[in-house]
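Visitor: I would like a close look at one residue and its surroundings, with the criteria behind each term spelled out.

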Amino acid sequence: MDSDRRSAQVERLEVVDTGRRRRWSEDEKLKIVLESLQAPRQVAATARRYGVSRSLLLRWRRSFRPEPKDAADHPGFVPAMVAAESGPTPCPVAPASSGGSIEIEFAAGARMRITGTVDAATLKAAVAALADGRLR
């Protein structure tokens, strides 16, 4: 309830029926998508012609886009595995309070081992350089 007594009270409220949602079949969507691909900059004109929004038409275009043939080439997350070191334990290079070590193996075969503490900026720069292939 409105606590401001000076505000106008609603005396009449009209609900205007804007029509039902249009249900497009897959064939109709495909026809519209193909028409939008006929010439450059046809998305807005095609969307206006059929009475749909540009964002909906772009979503349909993405859904009809062919799947990539080799999904393994796309970058993604790689599961991390923690494994105990085998063999004799080497002498620690860093102080015992340094926090241990971490080893990162990149998809290209490069491997980075970090022992002890390191500041975040240096670690970020090293990981970026290895990921880009600048360091080997």
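In which helix is the place of Ala 47?

Guide: This is a predicted model, in which local features need pLDDT of at least 70 and side-chain atom pairs count only at pLDDT 80 or more, while totals for chains, interfaces and linings use all residues. Residues are numbered from 1 along each chain as its sequence is written, and side-chain values use heavy atoms, with hydrogens and water left out.

Ala 47 lies in helix H2, residues 43-50, where helices (H or I, at least four residues) are DSSP runs numbered from the N terminus. Ala 47 counts as buried because its relative accessibility is 2%, buried meaning under 20% relative accessible area, exposed over 50% and partly exposed in between, with a 1.4 Å probe and protein chains only. Leaving aside neighbours within four places in sequence, Ala 47 is in contact with Val 52, Ser 53, Arg 54 and Leu 57, contact meaning heavy atoms within 4.5 Å.

The axes of H2 and H3 (residues 54-63) come within 9 Å and cross at roughly 110°, the axes being lines fitted to C-alpha atoms over the stretch in contact, with angles from 0 to 180 degrees between N-to-C directions. H2 is therefore roughly perpendicular to H3, a term that covers 65 to 115 degrees.

Ala 47 also belongs to the largest nonpolar core, eight residues made up of Trp 24, Ile 32, Val 33, Val 43, Ala 47, Val 52, Leu 57 and Trp 60; such a core is a set of buried Ala, Val, Leu, Ile, Met, Phe, Trp, Tyr and Cys residues joined through side-chain atoms within 4.5 Å. Helix H1 (26-36), H2 and H3 are the elements that give two or more residues to this core.

In H1, Lys 29, Ile 32, Val 33 and Ser 36 are buried, and they line one face of the helix because, seen down its axis, they fall within an arc of 100°, taken from the directions from the helix axis to the C-beta atoms. The buried residues of H1 pack against H2 and H3, whereas Asp 27 and Lys 31, on the other side of H1, are exposed.

Definitions and conventions. Parallel < 35°, antiparallel > 145°, perpendicular 65-115°, else oblique.
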